[in-house]
Amino acid sequence: MLTQPPSDQLYLQPGPSAIQLCQPTRPVTCIKVDFVTGRQAHRRRQLGHRREAIAKACGLGQADNLHIVDATAGLGRDAYVLAALGAQVTLIERSPVLCAMLEDGLKQAAAAGLEPARERMRLIEADANVWLDDPRNQSSIDVVYLDPMYSGARRAAAGKELALLSALLGSGNETEQLLEKALVAARKRVVVKRQRRAPALAGRPPDHQLTGKSTRFDIYQINPARTVDSAEY
Ligand SMILES: C[S@@+](CC[C@H](N)C(=O)[O-])C[C@H]1O[C@@H](n2cnc3c(N)ncnc32)[C@H](O)[C@@H]1O
């Protein structure tokens, strides 16, 4: 058991409400999975007022009880919004550290009574490239959602939180191969979150785009009529 945080490497520590991942260089920055307070609570309050673009991109509202696989779960924020809006969400995350934080976040959500959204979230620690390839997992997937890490300068511009995530995950988090797997596994569509001006993942043009101020959702229909359209949200 450490009595002092290390000065030269990332560390996990229990926080007042959740496990936190911290980097020690000053100013110390920590991140946590938090479905209950802060930004996520604000987003939850807005759900009734404003239709989330992510929900539109995933086709929520067009079908009941959609099963969405968030194949790059990260801190679970997008997955939580989808679950709060009624989807069954399977979260796949390959980093054991992030999985431990997600598990902790789900426990806190249960303790705070955030049902039924929490009950609609199922966490699996796995490499989504492998998980999506397994025919036993493919039978019930309506939508695969991908939110790849930004790369290079985009990552640097995205702030302290992403810098911490990329210090944890290192390089090799490209998700181009995942798009191919997702297109085979999903029955209805694959949705990829991109920065507004980033090129399409793997250079593959989407069928539809929903573009906001800083982000964009690229939508790949399964068996689409091949007309490309785009809209602002
Ligand atoms: C930008 S973060 C996603 C953030 C997330 N959308 C959120 O709302 O918090 C990308 C995550 O994808 C994960 N990831 C990348 N490739 C993966 C793979 N093949 N299988 C599972 N997880 C993967 C990374 O470990 C990282 O946590």
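A residue counts as buried if 20 or more other C-beta atoms lie within 10 Å of its own, as exposed if 12 or fewer do, and as partly exposed in between, with C-beta atoms placed from the backbone. This is a predicted model: local features need pLDDT of at least 70, side-chain atom pairs count only at pLDDT 80 or more, and totals for chains, interfaces and linings use all residues. Residues are numbered from 1 along each chain as its sequence is written. Helices (H or I, at least four residues) and strands (E, at least two) are DSSP runs, numbered from the N terminus.

**View 1. Helix α9 and its buried residues.** Helix α9 spans residues 176-185. Its buried residues are L178, L179, K181, A182 and A185. These buried residues pack against α5, α6 (135-138), β7 (143-146) and β8 (189-195). Two residues are in contact if their C-beta atoms, placed from the backbone, lie within 7 Å. Which residues does A182 touch, not counting residues up to four places away in sequence? They are A71, L132, V144, L146 and V190.

**View 2. The largest nonpolar core.** A nonpolar core is a set of buried Ala, Val, Leu, Ile, Met, Phe, Trp, Tyr and Cys residues joined through C-beta atoms within 7 Å. The largest one has 52 residues. C58, A71, L82, V144 and A182 have the most contacts inside it. Helix α3 gives the most to this core, with 6 residues.

**View 3. D70 in strand β4.** D70 sits in strand β4, residues 67-70. Is D70 buried or exposed? D70 is buried, because 29 other C-beta atoms lie within 10 Å. Leaving out residues up to four places away in sequence, D70 touches D78, A79, V89, L91, I92 and Y145. D70 and V144 are 74 residues apart in sequence, yet 6.0 Å apart in space, C-alpha to C-alpha.

**View 4. The shell around the ligand.** A residue is near a molecule or strand if its C-beta atom, placed from the backbone, lies within 6 Å of it. There are 21 residues around the ligand, and T72, G74, R77, A128 and D147 come nearest. Which elements each supply at least two residues of this shell? They are α3 (77-84), β5 (88-93) and α5 (128-131). The shell residues divide into 8 nonpolar, 7 polar and 6 charged. Here Ala, Val, Leu, Ile, Met, Phe, Trp, Tyr, Cys and Pro count as nonpolar, Asp, Glu, Lys and Arg as charged, and the others, Gly among them, as polar.

**View 5. The open sheet β1-β2-β3.** Strands of a sheet pair through backbone hydrogen bonds, either parallel or antiparallel. Two strands pair if DSSP finds at least two bridges between them. This open sheet has 3 strands, in the order β1-β2-β3, with antiparallel pairing. Its edge strands are β1 and β3, and each pairs on one side only. The twist averages 35° from one strand to the next. Helix α4 packs on the sheet, touching β1, β2 and β3, and its direction makes about 145° with that of β2. Axes are lines fitted to C-alpha atoms, for helices over the stretch in contact, and angles run from 0 to 180 degrees between N-to-C directions.

**View 6. Two hairpins in the sheet.** Strand β1 (residues 11-14) and strand β2 (residues 19-23) are joined by 4 bridges. They form a hairpin with 4 residues between them. L12 stands opposite L21 in β2. Q13 has Q20 of β2 as its bridge partner. Another 4 bridges join β2 to strand β3, residues 29-32. A hairpin of 5 residues connects β2 to β3. C22 has C30 of β3 as its bridge partner.

**View 7. Backbone exceptions in the loops.** Most residues other than glycine have a negative phi, and most peptide bonds are trans. The R26 to P27 peptide bond is cis, with omega near -5°. P27 lies in the loop between β2 and β3. The E115 to P116 bond is also cis, with omega near 5°. P116 is in the loop between α4 (96-111) and β6 (121-125). N65 is not a glycine, yet has a positive phi of about 55°. N65 belongs to the loop between α2 (53-58) and β4. N65 is exposed, because 9 other C-beta atoms lie within 10 Å. A202, also a residue other than glycine, has a positive phi near 55°. A202 lies in the loop between β8 and β9 (208-211). With 14 other C-beta atoms within 10 Å, A202 is partly exposed.
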